[in-house]
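Subject: Model for you to look at

Hello,

Here is the model I promised. Please open it alongside this note; my findings follow below.

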There are 2 protein chains.
Amino acid sequence: MYAVIMAGGKGTRFWPLSREKRPKHLLNMTGEKSIIQYTVDRISPLVAQDRILIVTGASHADQIREQLPQIPSENILVEPVGRNTAPCIGLAAMHIRKKEPDAVMCVLPADHLIQDTEPFLASLIAARDMAEKRACLVTIGVRPRWAETGYGYMERGQTADTIGDTKIYQVKSFREKPDRATAESFLKSGKFFWNSGIFVWKVSTLLDTIENLLPDLHEGLCAIGESIRTDREMRALSEVYRRIEPVSIDYGVMEKASDVVMLEGDFGWNDIGSWDALWDVLGKDAKGNVARGRVLRSGTSNCLVHSPDKMVALVGVEDLLVVETDDALLVCRRGASQDVRKVVEHLEKKGMKEYL
Amino acid sequence: MYAVIMAGGKGTRFWPLSREKRPKHLLNMTGEKSIIQYTVDRISPLVAQDRILIVTGASHADQIREQLPQIPSENILVEPVGRNTAPCIGLAAMHIRKKEPDAVMCVLPADHLIQDTEPFLASLIAARDMAEKRACLVTIGVRPRWAETGYGYMERGQTADTIGDTKIYQVKSFREKPDRATAESFLKSGKFFWNSGIFVWKVSTLLDTIENLLPDLHEGLCAIGESIRTDREMRALSEVYRRIEPVSIDYGVMEKASDVVMLEGDFGWNDIGSWDALWDVLGKDAKGNVARGRVLRSGTSNCLVHSPDKMVALVGVEDLLVVETDDALLVCRRGASQDVRKVVEHLEKKGMKEYL
């Protein structure tokens, strides 16, 4: 199996730690390594390192090469411009097809947190076996733990197959980020699952589906495919990316494809999309505090502090997210970290580029 | 008139901005200048600069000379060790007596805030005239604006005299920092006034009173006085200070002296003893925020931010004191800033001297 790690995210939700040049997946936020390093480590028992491909943008490619020296340099695919996830995944598929047309590939976002590696790998193995058994698109659904409005959902349909002990279901429908009431009803129904953004399929199944549903993209990908490892490659990539429409794999492919199946993954998945989500998943002390750096606390509870360099004293505060970097400080109420994007928008509007 | 500015405070309550080497009065917290610079500016229309004396410790003398180049260097009196306010004021009195034995001196803390200069100077003039008229100790009381438990109080007695339009009262008693209930009763009674720490008297009146009440201190001061402007001066100062007992002017002199009078001062006095007090006195925006530095706010109210160098973003927070310095960050609930001393105590206990 090949693994394709999508590393195109901007991660403005982790401002001021994440920046345009330092997106979330390149940051060390949960432990000793960066999130993409953990992503690669996690898949390594199952996928050889020369079969791990990483798709990213030009501004992050060097950092990715530095952080992941074990990945062959030609496996770092650099998109000339972001065109959302369908072209990104299609590009990786063309590279894999060039080497092994019958391969199965799994697609993994670079910036998700997965706490339990063994069940994660077991799910991927089951998904791979299913993808080999039948030309379908396999997704992994996560049973919702709360009524999250920031995730996409999948509706589980009837049983499609069984791989070992793992049941495989048809996906009845995809749902975009729901409103609060809809999310509550999803949670109650027991039939809706978080879309983890993890996909498994044969390269040929994906490319056939793209040919059906997104013929212009397919044509572009074929043009790129023919140029791979020739001196036309850079120009072809640049020309195709300039003209193709941005489209997500969810909207462009998954929602419209005829044979999409899912299995239920239970491996501590979290897309840690905000400082609040990070506080949720990290280990806390008896008073609910999470601290990175030298932090003195007096009468303080349920706070997250990220300040690797500067000593921080918290006095009589609760439910705060405090993030200190070289040039900026964020102090945010816990529960309000979705509004961090407002700060980033403001910085953009005011042209304060040094902080972006 | 001479002015004696007491600049011996440590100001740990303004950690992390104030430090052992950078006490509160040397900091720029309220505007363009440091608090001691404002203190000198304020008195300057009334007292010539060569009649302004500043008493401080060795570790701050250089900074004071730098901040106040207009004050003659010999007017910066350096105590070899802190012995509280009575020796400090007595030392200055000996220096003034050497030049003008009949002079009147006013004593001013270096680190108080006074918002209205004209009524302040008018009060000093009335106090000076009273001190010249009769050999009494003159204090300035401030009508309490709330039931403060952090200040000393004076109980107003019967009318003693009138200077121009200003009534002078006997002080019936001094009261140390009261508990909450007592402070409430003081506030209600209308007869108790905050002790501003501002005193006016003839040098001879003070020294006579010290001779009566603190004979050991008087003897020591005389020994110092005889050595002033001789080559024995440093040694005499050092020897006397080593042996004299620390004692405050309030406890050692004012509470026991027979003829203490007060006038009511109304000039926006505040000893700004904490970050909370600073928030109280500074001008705020419509949402109650005070900001020094580049501060972005989203859904934020009643906060104080001091961050001259680093950009700060506040998101969805209220009632916070945020103080950013080169090496430390404080985030404190508004109303809890008295607990900042706990942080300082902890740093002392842990031997983290670089932060003190």
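Start with a helix pair in chain A. Helix α6(A), residues 203-213, packs against helix α7(A), residues 215-227, at an angle of about 130°. Their axes are 5 Å apart. On the α6(A) side, A:L207, A:I210 and A:E211 make the contact. On the α7(A) side, A:P215, A:L217 and A:H218 do. By class, this contact has four nonpolar residues, one polar and one charged.

One caution before going further: this is a predicted model.

Now the two chains. Chain A superposes on chain B with a rotation of 179° and 0.0 Å of shift along the axis, at an RMSD of 0.1 Å. That is the relation of a two-fold axis. Which residue of chain A comes closest to the rotation axis? It is A:V331, with its C-alpha at 4.3 Å. Both copies use the same surface: 100% of the contact residues of chain A recur in chain B.

The interface itself comes next. Each chain puts in residues: 29 from chain A and 29 from chain B. In chain A, at least two residues each come from β12 (290-298), β13 (304-315), β14 (320-324), β15 (328-333) and α11 (340-349). The largest share is that of β13(A), with seven residues. By class, the side of chain A that touches chain B has 18 nonpolar, five polar and six charged residues.

Strands also pair across the two chains. β15(A) is joined to β13(B), residues 304-315, by five bridges, and the two run parallel. Within that pairing, A:L330 stands opposite B:A313.

Back inside chain A, look at strand β10(A), residues 260-265. Five of its six residues are buried, so the strand is mostly covered. It has these strand partners:

- β6(A), residues 137-142, runs parallel to β10(A) and is joined to it by six bridges. Here A:V142 has A:G265 as its bridge partner.
- β8(A), residues 166-175, runs antiparallel to β10(A), with two bridges. Here A:Q170 has A:V261 as its bridge partner.

In chain B, check helix α1(B), residues 35-43. Seven of its nine residues are buried. They are B:I35, B:I36, B:Y38, B:T39, B:V40, B:R42 and B:I43. These buried residues pack against several elements of chain B, including β1 (2-7), β2 (52-57), α2 (58-67) and α4 (117-133).

Last, some backbone details. A cis peptide bond joins A:W15 and A:P16, with omega about 5°. A:P16 sits in the loop between β1 and α1 of chain A. In chain B, B:W15 and B:P16 are joined by a cis peptide bond too, with omega about 5°. B:P16 lies in the loop between β1 and α1 of chain B.

Two residues of chain B deserve a look for phi:

- B:I272 is not a glycine, yet its phi is positive, near 25°. It lies in the loop between β11 (269-270) and α10 (275-281) of chain B. With 23 other C-beta atoms within 10 Å, B:I272 is buried.
- B:N302 is not a glycine either, and its phi is positive, about 55°. Its loop runs between β12 (290-298) and β13 of chain B. B:N302 has 16 C-beta neighbours inside 10 Å, so it counts as partly exposed.

Best wishes

Note on methods:
Residues are numbered from 1 along each chain as its sequence is written. Chains are lettered from A and ligands numbered from 1 in the order in which they are written. This is a predicted model: local features need pLDDT of at least 70, side-chain atom pairs count only at pLDDT 80 or more; totals for chains, interfaces and linings use all residues. A residue is buried if 20 or more other C-beta atoms lie within 10 Å of its own, exposed if 12 or fewer, and partly exposed in between; C-beta atoms are placed from the backbone. Helices (H or I, at least four residues) and strands (E, at least two) are DSSP runs, numbered from the N terminus. Two residues are in contact if their C-beta atoms, placed from the backbone, lie within 7 Å. Copies are superposed by least squares on the C-alpha atoms of residues with pLDDT of at least 70 in both. Axes are lines fitted to C-alpha atoms, for helices over the stretch in contact, and angles run from 0 to 180 degrees between N-to-C directions. Ala, Val, Leu, Ile, Met, Phe, Trp, Tyr, Cys and Pro count as nonpolar, Asp, Glu, Lys and Arg as charged, and the others, Gly among them, as polar. Two strands pair if DSSP finds at least two bridges between them.
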